[in-house]
Amino acid sequence: MSVDQRFYRLRTTIGLRQIADQYSLNASNYLDLDIAGISSFEDARDFELCYLENKAKSSQESAKPSKKLCFVAEDSQALQSKGSAYLLPVKRPKEAFFKIAAHMFAPLQSDEPLGEPRIHPSARIGAGSVISKGVVIGENSFIAPNAYIGPGVQIGRECHIGPDVSAGFALIGNGVRILAGARIGEAGFGLMNTSNGVDDIPHFGRVILQDRVYIGANTCIDRGLLSDTLIGEGSKIDNMSHIGHNTVVGRNVVMAAYAGISGSVRIGDGVQMGGRVGVVDHVEIGAGSHIAAGSNVLSSVPTGVIWGGIPARPLKDWQRETVWLKRQAAKGRQK
Amino acid sequence: MSVDQRFYRLRTTIGLRQIADQYSLNASNYLDLDIAGISSFEDARDFELCYLENKAKSSQESAKPSKKLCFVAEDSQALQSKGSAYLLPVKRPKEAFFKIAAHMFAPLQSDEPLGEPRIHPSARIGAGSVISKGVVIGENSFIAPNAYIGPGVQIGRECHIGPDVSAGFALIGNGVRILAGARIGEAGFGLMNTSNGVDDIPHFGRVILQDRVYIGANTCIDRGLLSDTLIGEGSKIDNMSHIGHNTVVGRNVVMAAYAGISGSVRIGDGVQMGGRVGVVDHVEIGAGSHIAAGSNVLSSVPTGVIWGGIPARPLKDWQRETVWLKRQAAKGRQK
Amino acid sequence: MSVDQRFYRLRTTIGLRQIADQYSLNASNYLDLDIAGISSFEDARDFELCYLENKAKSSQESAKPSKKLCFVAEDSQALQSKGSAYLLPVKRPKEAFFKIAAHMFAPLQSDEPLGEPRIHPSARIGAGSVISKGVVIGENSFIAPNAYIGPGVQIGRECHIGPDVSAGFALIGNGVRILAGARIGEAGFGLMNTSNGVDDIPHFGRVILQDRVYIGANTCIDRGLLSDTLIGEGSKIDNMSHIGHNTVVGRNVVMAAYAGISGSVRIGDGVQMGGRVGVVDHVEIGAGSHIAAGSNVLSSVPTGVIWGGIPARPLKDWQRETVWLKRQAAKGRQK
């Protein structure tokens, strides 16, 4: 996906020549072009800049031929023979990419000179709330006191935004309820090794809350890195939960309090989770599955199953192990 | 308990005839009456409307005769022969009840036209705080900057309300301390199946914080559904804890950080919990018991015991199992 | 460390005679002196007041001779023969100490008459933010809307303070990022038995965030009791984490979401923790060690190791036990 300029300001265009000079690259074919934007590798279109980490995944290696401009590690074998991108070999592709991205785009700040917010006359805005420039608020929506709505945020009809909520970089549908103190659209927790040590990775994505989503008090939904964090229609997330960057939650999902979902997770429609379930990054939970309270999900979960435990496994297995252990340990004691 | 009109506005009265017409009920005895209010089944008084879910509990079946008006499932056998309520059989009693409840009562909003707040001259209100109509604040209490106090909230003497706290639907005693960012009185996490799919259950209860209660930073205390969420005198709850709707916490209870107490739990006086204890809904923890850090309580706990583990059981059992497992697995490795 | 008067106001000086009278002490040597301040036992200088709990640690018993003034329990044998402090035997040393401390010092409030804040002309302050007296904000720092900066807080250059953040009693370095809703410097969770029952312990310490620290959304960093809670250079703490009072986190430490670190913990440089790690109070985690997600650390951890589990132990042991249990329980089922 391209960077959404409702949320990120284009500071400058950048020519490929400039990049080639900086990294001593031979990029003769396209030297006179400005790069068309920044993107993840998967979503990049022709002449958009992207990167591949050292260990490229096989799905990426088999990508179709394209003219995306891709930073790769100097010693990487990925993509070499396939013409699936125009390669820019550098020492640290991730650092090179995000340096250019941050040079090119900046997150809009609350005091940015944008258009005045457009607030439907039937919408009500509580005392002490700060509505930034470029915001749109729909019919009958209510923003409680002391909320903060960041630049460019779009809020649909019949929404309830609670007190002290902060929301940035977000597209919010109709009938959405966000309870007090929820944090929508902060940068995700991403770190990278750079020539100057470990550094935060700047984020250029968004949060999308579809219609009738419910977000509990003090819950945090981080925005995507180069794509969207998405919560599907009718999904309900209880208090003090955490949804990491790039995670996609399906429709009618229910998560009890303290759900801790890492980045880049995919959760199918109708999944239900008890309280305090943790999910490791980059796994998938199949549609309709149930996860017992207090479980840690360390691997992908099939559709339509009931899992639980630390690590999560079929709930019956976990229960059997618990019961068996109890019995054996009690025996051991009798001897 | 009846709905507290300091927090919920009576929008309209409703006649039983109106309900009978809508659900094609034969309610000839009382057709000319307005219903007297809404309530939980247990607390309903004569001519107040209430409901019983499909699986009525035995304690409810043995209730004394009364003239409460009660939605029950069409196929329910509960209460039939006992005259303990005037029965209104419908397809979905919960949905029918909450539809009427929400039609009849609406939570007061911060911009409601109520009486001016009454703030004791010795109380101090920080910059940027929003004090709604109908609020009462007692002697020497301090409201820090950027706090939000919702309509009708009563705050006693010598209280400290931290920055960015939001408090609604709450009766707060004397000497109460609420640290920064705590969320008092948001709606609980309750969902119901309706003819239009899963929907949030509207809440009509309150939060009661008795004298000398301490609520940690970013902790959430949800308000009751049709009754109160109550924290007893002198109880102390650390940061980022969560207390579900209708839960009743006794006196001098201590909970370390991340306590996650589900709805309708009863916690006895003097209970102590280590950090990150989870408690499933509708259980009871006996007075004076201790629960070890990181435990998940999945069943009621007797008084005066020390429990721990996942699921929680007598702490000695858990420790014995842990030690036994360690020894056995190490043996298995030597073979 | 002495009490930092940028954050705590000296209300009155107190003479030793006053204390001696109140507790019927024989303190003839120094009766005419004012006490020089309050401090922890370890840090107290001559004529500063401190206390030792009933069970003094051996390290304290072997302290060097000094003229610190120390409340001890009447029946305590600690320090008696060593002249390591001037002893003031009372029934409840902790209560006696904190009563005098709270009489002598009071935390500054946001409406205190201090000097105007000094804000660098290049710094930007969002709408609705409250910047208290005595605050200093450095070059190019950005304070987002609806933030609250308490009296005397020092913020360095190039810092980003997110919306709805509250920060008090804190010294914040350069390049620090604090995301939305984080709570910096609230009092820690400390309780003491007093003659009137259990009471909160007043806090007189600070929070120090060194350069390039990153604090996630809705994370809570409690201030020290009589010393500092410190987060070292370049350390990154994800959303909804909790750092207890007096805890010292080294440099370049990484903690994923929901880290729950109790009070007085010491975490070495370069430690990495997965999500939802809990650490009990007063333990030490050696430099460079890794702790797996979901672990509970109940004892000190050596340097450079990989630990996990509940309770945490070498990760390989935990994994072996998990696998062994699974296999055995499955066998038991086949019989």
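Is B:Lys133 buried, exposed or partly exposed, and what is its relative accessibility? B:Lys133 is partly exposed, at 27% relative accessibility (buried means under 20% relative accessible area, exposed over 50%, partly exposed in between, with a 1.4 Å probe and protein chains only).

A quick word on ground rules: this is a predicted model, where local features need pLDDT of at least 70, side-chain atom pairs count only at pLDDT 80 or more, and totals for chains, interfaces and linings use all residues. Residues are numbered from 1 along each chain as its sequence is written, chains are lettered from A and ligands numbered from 1 in the order in which they are written, and side-chain values use heavy atoms, with hydrogens and water left out.

Now the salt bridges. Searching the whole structure turns up 42 of them over all chains (a salt bridge is a side-chain nitrogen of Lys or Arg within 4 Å of a carboxyl oxygen of Asp or Glu). Here are some of the pairs:

| Pair | N to O distance |
|---|---|
| A:Arg177 and B:Asp200 | 3.4 Å |
| B:Lys133 and B:Glu116 | 3.8 Å |
| B:Glu321 and B:Arg313 | 2.9 Å |
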